[in-house]
Amino acid sequence: MPQIPEKIHELTVGQLSARSGAAVSALHFYEAKGLISSRRTTGNQRRYGRDTLRRVAFVRAAQRVGIPLATIRQALAQLPEERTPTNEDWARLSAAWRTELDERIKQLGRLRDHLTDCIGCGCLSLETCVLSNPDDAFGERMAGSRLLPVRNPTPDGDEA
């Protein structure tokens, strides 16, 4: 991994990419989404502060556990600009995500269990399968896919 001399306070997008392991296109995407920021030189080249390395690591770690980019952006907005996020910052922000991750783990466990049941029974019924047709109230009344008309209520509350 290339080392960055301590006297360099700003990184080019190529240096940031090499050091962080994120593709240049990913860094541009992160910047467009407001996750990281840069300044432009007189030649219109991006320059990133050294603290951006930690921010990119923060974004990538959060993405690996399935945190949406909007949530990551909100978390990073709570941190002071031009300061490297600390271990304490990560612990505080990631603690808020724990409940969401626990719920997602439960959902994945249920999905896994239903997948095993579905493969085990072999029916693959689109009418009753909880994987391909979850919570289908209309499936009890009719089979197959249907595009249901949108009904507008009349002034007395009945449907037209």
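**Core and helix packing in a predicted model**

The largest nonpolar core here has 22 residues, and Leu16, Leu27 and Ile72 have the most contacts inside it. By nonpolar core I mean a set of buried Ala, Val, Leu, Ile, Met, Phe, Trp, Tyr and Cys residues joined through side-chain atoms within 4.5 Å; buried is under 20% relative accessible area, with a 1.4 Å probe and protein chains only.

Two or more residues each come from helices H1 (13-20), H2 (24-32), H3 (51-64), H4 (69-77) and H5 (87-121). H3 gives the largest share, five residues. Helices are DSSP runs of H or I, at least four residues, and strands are E runs of at least two, numbered from the N terminus.

On sources: this is a predicted model, where local features need pLDDT of at least 70 and side-chain atom pairs pLDDT 80 or more, while totals for chains, interfaces and linings use all residues. Residues are numbered from 1 along each chain as its sequence is written, and side-chain values use heavy atoms, without hydrogens or water.

Now H1. Its buried residues are Val13, Leu16, Ser17 and Ser20. Seen down the axis of H1, they fall within an arc of 100° (taken from the directions from the axis to the C-beta atoms), so they line one face of the helix. They pack against strand S1 (10-11), H2, strand S3 (46-49) and H3, contact being heavy atoms within 4.5 Å. Gly21 follows H1, with a positive phi near 85°.

Last, H3 and H4. Arg55, Phe58, Val59, Ala62 and Gln63 in H3 meet Leu69, Ile72, Ala75 and Leu76 in H4.

Definitions and conventions. Buried < 20%, exposed > 50% of the residue type's maximum accessible area, 1.4 Å probe, protein only.
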